[in-house]
Amino acid sequence: MDLRYLLKMLALPPGCLLLVLLVAWLFRRRLPRLASLLFLGSVAALWMLSTPWFVEWGGRRLETDAPLPAAAWPVLAGRADAIVVLGAGRRESDPGWGKDVAGIYSTERVRYGARIAKASQLPVLVSGGKVWEDDSHPSEADLMAEVFEQDHQQPVQWREGDSRTTQENAERSWAMLEPQGKTRIVLVTQAWHMPRARRLFLQQGFTVIPAPMGYLSAPNGRPFHGLLPDANSFSNSVLIVHEGLGAWLYAHAPALASSR
């Protein structure tokens with residue numbers, strides 16, 4: 001097992017909170033007050049992370065890039081040289097498809113990127129590799145290109161299939177596009193991921209036009225201000241925590257973040 005993957009799973013919810021609960025159980029007799037505080041804190045954190053309220057609150061703090069209006073898409077060819085769509089996971093060996101397919105977030109990004117590409121007539125680069133170094137499955141780039149071409153009838157000019165982190169997305173996209181003089185890009189990713197992705201692509205040397213989508217900060221519209229828990233909110237909260245931690249690491253510990 002990849003040690004980095006294991007550490008990541010233990011550092012993020014629910015892994016980190018389960019570890020705290022385990023510590024609380026181990027110290028329940030020796031340090032009962034500490035154990036009680038750890039237990040109550042973990043339960044409170046699990047509840048908070050499971051609420052639409054937290055998703056909306058966290059989304060507002062991460063999603064700082066404004067949407068790219070559809071009215072601006074047809075004139076993007078005068079401002080950019082290419083569209084870069086970042087990968088976001090895959091579903092392995094799906095019985096319905098009989099093979100690996102692009103994950104939900106990757107498919108959402110492809111759909112948005114295809115709309116922009118059709119309106120602007122800009123060429124497309126898809127970027128995303130494999131989770132494991134010895135993985136024999138197709139890259140995320142290949143899976144996204146399949147969705148682009150078969151579902152949206154939109155050609156993909158470049159497939160960057162080696163990156164495993166956002167930083168590598170930027171580095172390897174630059175290696176493919178810069179020699180062709182295509183350094184002005186429209187960058188497509190989820191709104192909560194865009195600030196960190198944009199910063200890394202800018203650091204690489206690109207001129208970036210953000211095209212964020214999939215906002216989590218929209219008003220939740222739930223009863224009781226969204227303070228009742230649900231499973232989907234917990235999943236979205238984990239994304240927010242992951243992205244917030246990733247942004248902090250890239251800003252304060254870039255060497256450590258580059259290993260993510």
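Colleague: In this predicted model, what share of the contacts in the protein chain with a separation of 6 or more comes from residues 24 or more positions apart?

Modeller: The model is a predicted one, and the contacts in question are those in the protein chain with a separation of 6 or more. Among these, the part that residues 24 or more positions apart account for is 72%.

Colleague: How many helices and strands does the secondary structure of the protein chain come to, and what is its radius of gyration?

Modeller: The secondary structure of the protein chain comes to 10 helices and seven strands. For 260 residues the globule rule gives 18 Å, and the value for this chain is close to that, so the chain is as compact as a globular protein of that length. The radius of gyration itself is 20 Å.

Colleague: Where is W97 placed, and does W97 count as buried or exposed?

Modeller: The place of W97 is in the loop between β2 and β3. From W97 to S163 there are 66 residues in sequence and 25 Å in space, C-alpha to C-alpha. Exposed means over 50% relative accessible area, and because W97 has a relative accessibility of 59%, W97 counts as exposed.

Colleague: Does A117 count as buried or exposed, and which residues does A117 touch?

Modeller: A117 lies in helix α5, which covers residues 104-120. Buried means under 20% relative accessible area, and A117, at 0% relative accessibility, therefore counts as buried. Not counting residues up to four places away in sequence, A117 touches I83, L122, V124 and Q154.

Colleague: Which residues of helix α4 are buried, and what does their cover include?

Modeller: Helix α4 takes in residues 52-62, and its buried residues are P52, F54, V55, E56, G58, G59 and L62. What covers these buried residues includes α3 (32-49), α8 (194-204) and α9 (231-252).

Colleague: How many positive and negative side chains does the protein chain have, and how far apart do the centres of the two sets lie?

Modeller: The protein chain carries 27 positive side chains and 24 negative ones.

Notes
Residues are numbered from 1 along each chain as its sequence is written. This is a predicted model: local features need pLDDT of at least 70, side-chain atom pairs count only at pLDDT 80 or more; totals for chains, interfaces and linings use all residues. Side-chain values use heavy atoms; hydrogens and water are left out. Helices (H or I, at least four residues) and strands (E, at least two) are DSSP runs, numbered from the N terminus. The radius of gyration is taken over C-alpha atoms; the globule rule is 2.2 Å times the number of residues to the power 0.38. Contact means heavy atoms within 4.5 Å. Lys and Arg count as positive and Asp and Glu as negative; His and the chain ends are not counted. The place of a charge is taken as NZ of Lys, CZ of Arg, CG of Asp or CD of Glu. Buried means under 20% relative accessible area, exposed over 50%, partly exposed in between (1.4 Å probe, protein chains only).
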